[in-house]
Amino acid sequence: MHWITGHVKQHAERGLKKEYSIVFVPRATILCQRVLEEEGVMGNFVISDFPMDIIPFDEDVLSLELASSYREYLLDGDRTSLFHVAKSLMKLQAMFGTIPIVKGKGHCSRLVMDMIVRMRKEMGEECTVPPEIDSLILLDRDIDTITPMCTQLTYEGLIDEVFTINNNAVFLNEDIVVPPQNQPGAPPPPSQPNSSSSPPQPVKKVPFPLHSNDKVYSEIRDTNFSVLCGLLNKKAKDIDEYYKMFKQTQSISAIRDYMKKLASYQMEHNSLRIHTCITEQILEVTKSSTFMKGIETEQNLLAGVNLEVAERFIEDCINKKEPIHKVLRLLILYSSTHNGIKPKQLEFFKREVIQTYGCSHILTLYNLEKLGLIRKADLKPSFPSIRKDLHLIIEDLNEQSPNDIAYTYSGYAPLSVRLVQTAIKPNGWRQIDDVLKQLPGPTFEEIQPLPQGATTSVKSDRKPITLVYFIGGVTFSEISALRFLSRQDQANRDFIILTTKLINGNTMIDNLIEVFN
């Protein structure tokens, strides 16, 4: 705001008369307005808000895209993002009816529920829309910091890990997304001068959208990466078989039917080509010894075995000056699965990180310790009992035809999704009271009274719908796990995922990294 007021004052000194407007997304804050008042330029501006709250990313995924929501409340003590969460839920209830059953776990979830109750009282008369969403599950990211630190092993998850998905798109080399058109008779491209002094031209990156409208992507996005090559090969054979049909087509009606589907198959062919190129680039990463050792270390930490081997690998990563995000993810995973790190070992790791990556990361380590993501071991680890009671580690998993959500991490079932899976069972969370007590924050289950005139009208031809709200972010592999659950007969329901931000381990840590010069 000071930067903006500086421009206004500079224009005034030059005698320039201009009209100024400020659009705040999603709303103006009192602090920003106070700065304008103190600088004496409040009257120069026309101030407006652009309440861009719920952004649909796919048929079943919505996001507020509040990148710093996890940090704001837990580290800075700022509840603004929680207010936006409550407002988004009130907006959904105004459109699709009051959600009768609400379950939640965590401090943020409890605060959001209290805000909703207060907002409903302040609103007075409510819309009598029959409820279309049957239940709501609120989950804090803080109750499961283990899952984001693990490497996602679904196709969509690995795209996010390797390329980073931003706003439902990934940036790829232009020659992958838009191949050169070699048409007959077209002039050759102009030759480039072979000057050794001319610097190489940077490779142009273009966005490639990732959503369910892409038929090929919708079929492979949630699969484990280890079986992806077989699926791509099968898809290529199907398209090739369709193209061969034209040679066997003789009648006019058969040719007409063939041409009707041709455009669709050509789109799938182009999509298949792009996803094959993406897969090849991901394979270069996943086949490396460093990646394989990293996955092995994660699996050992989750299973609580070979701790000394894991410690040596983390030390090697620091010595090789691997990306700081990778080191911090492993340290957080180590601390979260073992209720902290032994004091002597923790001090060693902190000293090594500061000496290798610079003293500027002292504040980063301080932030992680303040949030409890990295801490000294003081009590008996609680994760082993949680792991056992919730069956988080599945051995002998068939990734080709999985029967458990653990396929998304090749043997580890995301803790957050396992809680959702338990919540939709007949006895709900009552059967895991001991587990919930070991996780941070309160647990609650409430029934929201419906407005007068609103009646439940659950249609017999559709499954019940559960809205799962991740406060603090959700990973793509967790979304894949929830989609897998919805396809199972035992669940007998559809899930809609709403979150403050689509994240992975790197983007989550980005909010906590704080360096000083």
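**Salt bridges**

Mentor: Start with two residues inside the protein: Arg221 and Glu156 are both buried. Buried here means under 20% relative accessible area, exposed means over 50%, and partly exposed covers what lies in between, all for a 1.4 Å probe and protein chains only. Before going on, note that this is a predicted model, in which local features need pLDDT of at least 70, side-chain atom pairs count only at pLDDT 80 or more, and totals for chains, interfaces and linings use all residues. Residues are numbered from 1 along each chain as its sequence is written, and side-chain values use heavy atoms, with hydrogens and water left out.

Arg221 and Glu156 form a salt bridge, and their closest N and O atoms are 2.9 Å apart. The pair joins distant parts of the chain: Glu156 belongs to helix 7 (residues 155–162), while Arg221 sits in the loop between helix 9 (215–220) and helix 10 (228–248), and the two are 65 residues apart. A salt bridge is a side-chain nitrogen of Lys or Arg within 4 Å of a carboxyl oxygen of Asp or Glu. Helices (H or I, at least four residues) and strands (E, at least two) are DSSP runs numbered from the N terminus.

Helix 7 also takes part in a second pair. Glu161 forms a salt bridge with Arg329, with 3.0 Å between the closest N and O atoms. Glu161 is in helix 7 and Arg329 is in helix 14 (residues 324–337), so this pair, too, links distant parts of the chain, 168 residues apart. Glu161 is buried, and Arg329 is buried as well.

Glu347 and Lys350 form a salt bridge in which the closest N and O atoms are 3.6 Å apart. Because these residues are three apart in helix 15 (residues 343–357), about one helical turn separates Glu347 from Lys350. Glu347 has a relative accessible area of 35%, which means that Glu347 is partly exposed. Lys350 has 18% relative accessibility and therefore counts as buried.

Some salt bridges share partners, and in this way Asp58, Asp60, Glu156, Arg221, Asp222 and Arg483 are joined into one network. Counting over the whole structure gives 23 salt bridges.
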